[in-house]
Amino acid sequence: DQYLLNEQLQYSIPEGLDDDLVFALKKELINSWVENEIIYQSALNEGFSLGSKEQYLINSYKKSLLIQIYLNQKLDRDYAISQKDINEYYREHKREFIRNTDEVHIIHLFTEQSDRAIFSEIAETGDLMQIIRKYYFNEKSTKELPNGDLGYIAANRLPEIIMRMLTRQKTGSVSQPIKTNDGYHFIQLIDWQKEGTQKGIEQVKNEITRRLQADRRNTELERFLEGLKQKAQIQTYLSKIK
């Protein structure tokens, strides 16, 4: 007598997936829900129940969810950070933005098929982004194999086969097709920065913005919480916890 509604099923579906993947994921979630429900009902029929500790943990989780909803309504979530703020923070915290490993700025293109015409055009133009935009490779991009300008990334994150190619490339050049089990990779090396060098402000601008926004939210939260405390009656019995 239990039902899983489509609305409830949708809670677990990430946005941006294609229809076939959504359908496959829904089937998997339904099967999992059925199995869990069978086990849950069997546990109830055999007299199992939650103890005081488990009930406390459930109530704590419910409280934390409601607190988050409440604070999201009461606190500003869009803190405007000026370029001046970013510049000052960068100047005062420069030592925090030293590279602890080699970083490479690359443009990446992956294709499953070998296409001589496109491969020849890549070699002729020497501009990987132009090819990516022209043939919509950016729309075929995935989180695991992103196509486009990847910015600066840690060199040790890249597969060894790509790193071997990069060590032989000149700045600005596009690699030969790198064949793997999945298909073909092209890499354009834009820049290579060594461990111990200073990251530029543009590279860390988003990180600084997030830090400043978090600081301002925490400051606002402290003020808000202090105001609530002044209105509340609070008693603690510290002798009881010895």
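Predicted model: local features only at pLDDT ≥ 70, side-chain atom pairs only at ≥ 80, totals over all residues.

Colleague: What is the bridge partner of Ile107 in S2?

Modeller: S1 also pairs with S2, again in the antiparallel sense, and 6 bridges join these two strands. In S2, the partner that forms the bridge with Ile107 is Asp149.

Colleague: Which strands stand at the edges of the sheet, and why is one side of each left without a neighbour?

Modeller: The sheet is open and has 4 strands with antiparallel pairing, in the order S2-S1-S4-S3. Each edge strand has a single partner strand, so one of its sides has no neighbour in the sheet. The edge strands are S2 (148-154) and S3 (178-179).

Colleague: Which residues of H5 are exposed on the face turned away from its buried side?

Modeller: Helix H5 spans residues 116-125, and Ile118, Phe119, Glu121 and Ile122 are buried in it. These four cover an arc of only 160° around the axis, which means that they lie on the same side of H5. The face turned away from that side carries the exposed residues Arg116, Ala117, Ala123 and Glu124.

Colleague: Which elements give two or more residues to the lining of the largest pocket?

Modeller: The largest pocket has a volume of about 320 Å³. It is lined by 17 residues, and the closest to its centre are Glu144, Leu145, Leu158, Pro159 and Ile162. The elements that contribute two or more residues to this lining are S1, S2, helix H7 (160-166) and S4.

Colleague: How do the residues of the lining of the second largest pocket divide into nonpolar, polar and charged?

Modeller: The second largest pocket has a volume of about 200 Å³. Its lining consists of Phe110, Thr111, Glu112, Phe137, Lys140, Ser141, Thr142, Leu145, Asn147 and Asp182. For the largest pocket the division is 10 nonpolar, 3 polar and 4 charged; for the second largest pocket it is 3 nonpolar, 4 polar and 3 charged.

Colleague: What value is phi of Tyr136 near?

Modeller: Tyr136 is found in the loop between helix H6 (128-134) and S2. Its phi is positive, in a residue other than glycine, and is near 60°.

Colleague: Which element has the lowest mean pLDDT?

Modeller: The protein averages a pLDDT of 93, and 100% of the residues score at least 70. Among the elements, helix H4 (residues 83-92) has the highest mean, 97. The lowest mean, 92, belongs to H7.

How values were computed:
Residues numbered from 1 in each chain as written. Heavy atoms only, no water. Pairing = 2+ DSSP bridges. 1 Å grid on protein atoms, 1.4 Å probe; cavity = no way out; pocket = protein on both sides within 12 Å on 5 of 7 lines; lining within 4 Å. Points joined across faces, edges and corners; volume = space filled by probe spheres on them. Nonpolar A, V, L, I, M, F, W, Y, C, P; charged D, E, K, R; others polar. pLDDT = per-residue confidence, 0-100. Buried < 20%, exposed > 50% of the residue type's maximum accessible area, 1.4 Å probe, protein only. Arc of directions from axis to C-beta.
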